[in-house]
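Please keep the model open while you read this note, which is arranged as numbered points. Each point can be checked by eye against the part of the chain it concerns.

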Amino acid sequence: MDTVANDQSAPRADGKDTTLIYRQSRWTRLTHWIWAFSLFFMLLSGLQIFNARPQLYIGKQSGFEFNNTILQIGAENTATGPRGFTEIFGHRFDTTGVLGWSGPPGQETPRGFPAWATIPSYYDLGTARVVHFFFAWILTSTLLVWLIAGLINGHIRRDLAPRVSDLRKLPRDIVDHAKLKFHHTREYNTLQKMAYGGVLFVLLPLMIITGLAMSPSMNSVLPWLNEILGGRQTARTIHFTVMVLLVLFFVIHILMILAAGPINELRSIITGWYRTDPPAKHDQPTERSA
Ligand code: HEM
């Protein structure tokens, strides 16, 4: 978010004065849309790659005497015909039509994730890997650009770094979110700081590190990376778990944007301009802390 002098106050039809402020810098907006676009292609191509072996394991050991599978998507023959199943930590769920056994009626086939959730939609591991790695490098470079820009223009320190006061505001913030009561201010609220900080400083870096740990060429350059992550299979499981958390973040992110006022929110992340709430009667004008 930029601090600029030309904030514009505008009277509204309902008589309340609101202020249009320049909230998101061009670096925040540009990098946001590049990573949103990249993550879309990475998710769908990643699910195609996962389909080549729709199972996840923990640990370094493998062999018939070990059962270290924590997730399995598959198909089985039953008295009523083939069914798809998903097994998580030994608990089996019937997921016919979506996971394990899917396709147009009469043409179902055994496959982990369904055709509509993968790139390409048909089985093609080679193309999926090309798409996945291409966008992985775009995502990594974009994150680096965001980090450098955010350090130089103060976005990270000013808008994302948590403060003691954020901790104090947390309970109020949780209650407000639960009641769908949103405050449109220049600053991110505590939950936003936690969510965005979690994505940018924990989930995305962990995604990149576990991705690198699975690459055979990286294994020869940095063999310890695989080691500290608990082996290749554990790295793959962490990679998949981070994907699930990012999808969860995305769903909540979109719901919050819809609830907070999609036009104002979208204008801010597209043009940078954001309409803030009118100041409450008892509010004194204050300088924004830098
Ligand atoms: C995978 C997809 C996405 C991810 C990982 C993501 C993540 C983020 C992050 C980390 C921020 C904070 C950026 C910063 O301050 O530097 C942000 C802000 C924002 N994003 Fe997304 N986003 C995604 C998709 C979208 C989409 C599809 C939309 C619109 C429909 C959207 C709308 C917004 C808006 C409006 C903000 C600003 C929120 C505010 O100022 O209160 N995002 N997003």
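**Notes on the predicted model**

1. Leu180 is found in the loop between H4 and H5, where helices (H or I, at least four residues) and strands (E, at least two) are DSSP runs, numbered from the N terminus. Phi of Leu180 is near 55 degrees, which is a positive value in a residue other than glycine. With a relative accessible area of 53%, Leu180 is exposed; the term exposed means over 50% relative accessible area, buried means under 20%, and partly exposed lies in between (1.4 Å probe, protein chains only).

2. Some remarks on the basis of these values belong here. This is a predicted model, in which local features need pLDDT of at least 70 and side-chain atom pairs count only at pLDDT 80 or more, while totals for chains, interfaces and linings use all residues. Residues are numbered from 1 along each chain as its sequence is written, and side-chain values use heavy atoms, with hydrogens and water left out.

3. As for the whole protein, it has nine helices and nine strands, and buried residues make up 39% of its 290 residues. Of the contacts (heavy atoms within 4.5 Å) with a separation of 6 or more, 59% are between residues 24 or more positions apart. The accessible surface, which comes from the Shrake-Rupley method with a 1.4 Å probe, is about 17,300 Å², and 68% of it belongs to carbon and sulfur atoms.

4. Next come the strands, where two strands pair if DSSP finds at least two bridges between them. Strand E3 (residues 55-57) pairs with strand E4 (residues 69-78) in the antiparallel sense over three bridges, and Leu56 stands opposite Leu71 in E4. E4 is also joined to E5 by eight bridges, again antiparallel, and the bridge partner of Leu71 in E5 is Ile88. Two residues lie between E4 and E5, which form a hairpin.

5. Strand E5 (residues 81-88) pairs in turn with strand E6 (residues 91-94), in the antiparallel sense over four bridges, with Phe85 opposite Asp94 in E6. Phe89 lies in the loop between E5 and E6, and it counts as exposed because its relative accessibility is 60%.

6. Please look also at the peptide bond that joins Ile119 and Pro120, which is cis, with omega about -10 degrees. Pro120 has its place in the loop between strand E8 (109-111) and helix H2 (125-152).

7. The last point concerns the second largest pocket, which holds about 160 Å³ of space. On a 1 Å grid over the protein atoms alone, a pocket is an open set of points where a 1.4 Å probe fits, with protein on both sides within 12 Å along at least five of seven lines, and lining residues have an atom within 4 Å of a point. Helix H3 (155-160), helix H4 (164-178) and helix H5 (190-213) each supply at least two residues of the lining, and H5 gives the most, with five residues. The lining has seven nonpolar, two polar and three charged residues, and among its members are Ile156, Arg163, Asp166, Lys193 and Phe201. In these classes Ala, Val, Leu, Ile, Met, Phe, Trp, Tyr, Cys and Pro count as nonpolar, Asp, Glu, Lys and Arg as charged, and the others, Gly among them, as polar.

Technical notes: Grid points are joined across faces, edges and corners, and a volume is the space filled by probe spheres set on the points.
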